[in-house]
Each structure stands twice: as C-alpha cells, then as structure tokens.
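Please open the structure in a viewer and keep the selection tool at hand.

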Amino acid sequence: MTNTKLPYNQDYHLDYRFLKLVRIQRNLTLKNMSEYMGVDVPTLSRLERQELQWTPLYASRFKDACSRIRLSNMEVASLRRVIELREARGLK
C-alpha cells in the first residue's frame, strides 16, 4: 500500500502574511482559527489586518495551529507563491 498523503513537515517559516490565507484555504472562521491559535477573535482579526504587531508569541501560536490543522509543505509553497504574486502586483 502506498502513502497518498501530502508531505508534512513543521519546519517552514510562516509570518503574518500567511495568517488569513491559511484560514481561508482551510475554510476556517475567525472563531475556529482563534481556537487553534489560542487567542481571542478580536486579536486574530487585528493580526490579519496588521493592526497588531506580529510577535514571536503569535508566530509560535500560528505555527502550532498550522501543525494542528496539518498544513503541508506543498500548501505552504502554494501560499508563498500567492503572496509573492500579490506583492509583485502591489496588493496586500
């Protein structure tokens, strides 16, 4: 029997730019994602809008949340490409 699951590895670098994209990709509400991250909904919303500084604490919680939702390296690479294209076009 072959393994058909996507590759999974926690050793990826994620920052605030990935937050909303990961949430939308996994079809999670602000409330769902806030539960995975262990923060309240207003804090998560402010992080997504970049109204709150991205600290190592939030980065750690986001990485843990991505681990819990089993975000794969392939998904991270796809999201990184989306971010690069948005930035190249001058979008946030």
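**Where two helices cross**

Begin by selecting helix H2 (residues 30-37) together with helix H4 (residues 56-68): the two pack at an angle of about 105°, and their axes are 8 Å apart. Because of that angle, H2 is roughly perpendicular to H4. Helices here (H or I, at least four residues) and strands (E, at least two) are DSSP runs, numbered from the N terminus. Axes are lines fitted to C-alpha atoms, for helices over the stretch in contact, and angles run from 0 to 180 degrees between N-to-C directions. Angles of 65 to 115 degrees count as roughly perpendicular, under 35 as roughly parallel, over 145 as roughly antiparallel and the rest as oblique.

Next, display the side chains at this crossing. From H2 the contact takes Met33, Tyr36 and Met37, and from H4 it takes Tyr58, Arg61, Phe62, Ala65 and Arg68; contact means heavy atoms within 4.5 Å. Sorted by class, the contact of H2 with H4 holds six nonpolar, no polar and two charged residues. Ala, Val, Leu, Ile, Met, Phe, Trp, Tyr, Cys and Pro count as nonpolar, Asp, Glu, Lys and Arg as charged, and the others, Gly among them, as polar.

The model is predicted, so local features need pLDDT of at least 70 and side-chain atom pairs count only at pLDDT 80 or more, whereas totals for chains, interfaces and linings use all residues. Residues are numbered from 1 along each chain as its sequence is written, and side-chain values use heavy atoms, with hydrogens and water left out.

**An aromatic pair**

Keep Phe62 selected. Is Phe62 buried or exposed? Phe62 counts as buried because its relative accessibility is 0%; buried means under 20% relative accessible area, exposed over 50%, and partly exposed in between (1.4 Å probe, protein chains only).

Trp54 and Phe62 form an edge-to-face aromatic pair, 5.9 Å centre to centre with 80° between the planes. A search of the whole structure finds one aromatic pair. Rings of Phe, Tyr and Trp (its six-membered ring) pair if their centres lie within 6.5 Å; planes under 30 degrees apart count as stacked, over 60 as edge-to-face and the rest as tilted.

**The whole chain**

Zoom out to the entire protein. How many helices and strands are there in the protein? There are five helices and zero strands, and from the N terminus on the elements run α-α-α-α-α. The protein has 92 residues, of which 34% count as buried. Among contacts between residues at least 6 apart in sequence, 69% join residues at least 24 apart. The protein exposes about 6,300 Å², with carbon and sulfur atoms supplying 50% of it; such areas come from the Shrake-Rupley method with a 1.4 Å probe, and for residues only the protein chains shown count as cover.

**Helices H1 and H3**

H1 and H3 pack at an angle of about 115°, with axes 8 Å apart. At this crossing, Leu19, Lys20 and Arg23 in H1 meet Leu44, Leu47 and Glu48 in H3. The contact of H1 with H3 has three nonpolar, no polar and three charged residues.

Lys20, in H1, counts as partly exposed because its relative accessibility is 43%. The C-alpha atoms of Lys20 and Arg49 are separated by 8.9 Å, although the two are 29 residues apart along the chain. Thr43, in H3, counts as buried because its relative accessibility is 16%. Thr43 touches Leu52 and Tyr58, not counting residues up to four places away in sequence.

**Positive phi values**

Most residues other than glycine have a negative phi. Select Asn27, in the loop between H1 and H2, where phi is near 55°. Asn27 is exposed, with a relative accessible area of 69%.
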